Amino acid sequence: MKLKGCEILIKSLKREGVDLLFGYSGGAALHIFDALYKFNAANPDDPVRLVMARHEQGATHAADGYARVTGKAGVTLVTSGPGATNCVTGIATAQMDSIPMVVICGQVPSGLIGNDAFQETDVIGVTRPIVKHSYLIHDVNDVARIVREAFHIAESGRPGPVVIDFPKDIQVDETEFTTPDTVDIRGYKPKLEGHPKQIQKAAELIMKAERPFMYGGGGIVLGDASDEFRELVWKTQIPTTVTLMGLGAFPETDPLALKMPGMHGSRAANYAFQECDLIIAIGARFDDRVTGNLERFAPLAKIIHIDIDPSAISKNVHVDVPIVGHVKNILPKLTELVDKTSIEPWRNQCWAWKEKYPFTYQPKPGVVMPQQLIEEIWNLTRGEAILTSDVGQHQMWCGQHYQHIEPRRWLNSGGLGTMGYGLPAAMGAQFAHPDALVVCVSGDGGIIMNIQELTTIASHKLPVKTIVMNNNWLGMVRQWQELLYEERYSASDLHDNPDFAKVAEAFGVRGMTVKDPEELRPALEEAFAYDGPALLDVLVDETENVYPMVPAGAALDEMIGGIA
C-alpha cells in the first residue's frame, strides 16, 4: 500500500517515539497537519499530540524545554516563509546550548523554489549557521530515511537542532513506506569511548595535583552523566564548580560545591580557578562568561578536558590532556583509576573562600529584594521544582540564590541569551511532566516577548506558575549603563509596563500582584497551591545590581561587589 509523503512523515515520527508536536499551521504545511489529524483519528489511544502554540518562536522554545527535561528531541512543525523564519531564534537557542530538536518546515512546491513564490524562504540557507544539520527533501522515497537520520543526528554526539524542509509537492507524492532499521551516515561517527591512555594520563595528573579543581558543564546534564560525575567528585573529594548550564549536575548543598563560576559567579569558584594547579573540565567549553580575560585565566593550571565534541577541545584554552568521548562512558573509567586526593590545605582554602564570600545582599525596609524572591522560591520548593528563566539579572539571581540539586530541573538560554525563552520552555516542560511543579521566573522585559503563550497554557489548563520579577527596567542593561555608561539609560526604561496580573487574567490565567515583603511568601504559597496556571507580578527593588561582577576585560579574581 502506497502512502503520501506527509503520511510517511507522521508514521516515521511515531516510529521515533514522538508523542508530542509543537506547531503552528499554514498553507505550505496543511497536507502534513491534515495527515496528522487523520492519523490521530485512526489511533485515538496512541496519538501524536499536537500543541498549537501562538507563535512559532514559542513552539520552538516549548520543544526545547520538552527536550531539556526529557533528553528526547523536541519536535516543531511549522509552515514555510514567516513560519520558518519565526523559528530562527528558537533554533539558534537550541544550537548554542546543544539541545536536541527536529524542526519540520513546510515549503513551496519544488518547481517554485527560487522563484520568490508566496511565503517562500530559503530556510536551509537561513538556518545553515545555526543548525547541526539540515535536509531539503527532493524525493518522497527519502522521507522515512531522512526522519530517522534527523533524530539520530539531533540526539547523538553533541546534540543539536536539525531542520527538515519539506516541499508541498513531495508531501503528496506517493510511495511504499519502508524505513531503515539502522542509521549509517558517512562522515558522522561520534566518538563515544575515550582513549585509555589519555584517561590514564588524566588519572595520574589528578593524583599528583596539589590544588585540583573540578569544572563541570552542561554536557554532564545532556549526557545523563550526573551520577557518574558525582561519584568522581565524592571519591576524589576535589572542590567543584558547575556552570550555569550545568547547574544540577552536582548538588549545591554539598560542601564540595563552590557554586557557579564566571562573570556573576561565586568568588570562591573564581578564586579557585585562578589559584588551582589542575582543572578537570568535563562537558564544558570554557566560554567567555566563565573564563573572563583568557590571557589571564587559570595561569597556574594544567588542563584536562573531557568532551564529546572534538572541536570544543583547545578551542578557547590550551588543553594538556584532551579526552574525546561521551562523559557517561569516560567518567566511570576515570573514577576507577583515582582515589581520594591528599589535598587538605587546598580543600580548606576553598571552604574558607566559600564561607567568607557567600552570595549576599542588603535588605531594604518595605521593599521586596529580588534575591529574597528567589530564596523564598527555594524555601518552598527545596529543589523539587522545574525552574525556567529568561535572561538577565533574574537569571543570574536564580543561579546564585536557588540551590540546584538535580539535573534537568533548570532550564535557561545560556549561550544565546534569549529573552522570551522562559515561559514557552516552562510550557514544554509541563507537557513533559504534567504532575511536576514548573516555575517560570521571568523579568518584566522577557515575559512580554512571548506572553501570547499564556493562551496555550490556559487552553490546556497547564499549572505553570509564572513569577515576573518586575523592576521596571531591562535590569542587566540598566546595570551596565549605570556602571559603564555614566548612567545614560538609553532604551532600558520599562516604567510603561502593563499591569501583568490583569494581562494574565485576560488570558485566562490567575493573576496576582505583590509589593510588600510580608506578602511575598503567602502569595507564592497561594500561587503554588492553585489548581491551574498562575502569574505572580512581584514588584522588586528597582536599583539592585547583580554582584559579584567580573568587568569586561578583567581576570576572574578582579571581581567587584558582592562582599557583605
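The following legends describe close-up views of a predicted model. Local features need pLDDT of at least 70 and side-chain atom pairs count only at pLDDT 80 or more, whereas totals for chains, interfaces and linings use all residues. Residues are numbered from 1 along each chain as its sequence is written, and side-chain values use heavy atoms, with hydrogens and water left out.

**View 1. An open sheet of six parallel strands.** The strand order is E3-E2-E4-E5-E7-E6. Helices (H or I, at least four residues) and strands (E, at least two) are DSSP runs numbered from the N terminus, and two strands pair if DSSP finds at least two bridges between them. Strand E3 (49-52) and strand E6 (133-136) stand at the edges with a single partner strand each, so one side of each has no neighbour in the sheet. On average, neighbouring strands are turned by 20° against each other, direction ignored; axes are lines fitted to C-alpha atoms, for helices over the stretch in contact, and angles run from 0 to 180 degrees between N-to-C directions.

View 2. Strand E2 (residues 20-23) pairs with strand E4 (residues 74-78) in the parallel sense over two bridges, and phenylalanine 22 stands opposite threonine 76 in E4. Helix H1 (residues 5-15) packs on the sheet, where it touches E2, strand E5 (101-107) and strand E7 (161-167). The direction of H1 makes about 155° with that of E7. Helix H5 (residues 88-97) also packs on the sheet, touching E5 and E7, and its direction makes about 145° with that of E7. Contact means heavy atoms within 4.5 Å.

**View 3. Threonine 60 in helix H3 (residues 56-70)**. Threonine 60 counts as buried, at 0% relative accessibility; buried means under 20% relative accessible area, exposed over 50%, and partly exposed in between (1.4 Å probe, protein chains only). A polar atom of its side chain lies 2.7 Å from the backbone oxygen of glutamine 57. Leaving aside neighbours within four places in sequence, threonine 60 is in contact with Thr76, Cys87, Gly90 and Met101.

**View 4. The enclosed helix H17 (residues 393-401)**. Nine of its nine residues are buried, so H17 is largely enclosed by the rest of the structure. Among the buried residues are Trp397 and Cys398. The elements against which the buried residues of H17 pack include helix H16 (370-381), strand E16 (438-443) and helix H20 (475-484).

**View 5. Surroundings of isoleucine 377**. Residues up to four places away in sequence not counted, isoleucine 377 touches Leu387, Tyr402, Val441, Ile467, Leu524 and Phe528.

Definitions and conventions. A polar contact is a pair of N or O atoms within 3.5 Å; within protein, one must be able to donate a hydrogen and the other to accept it, and residues adjacent in sequence count only if both atoms are side-chain atoms.
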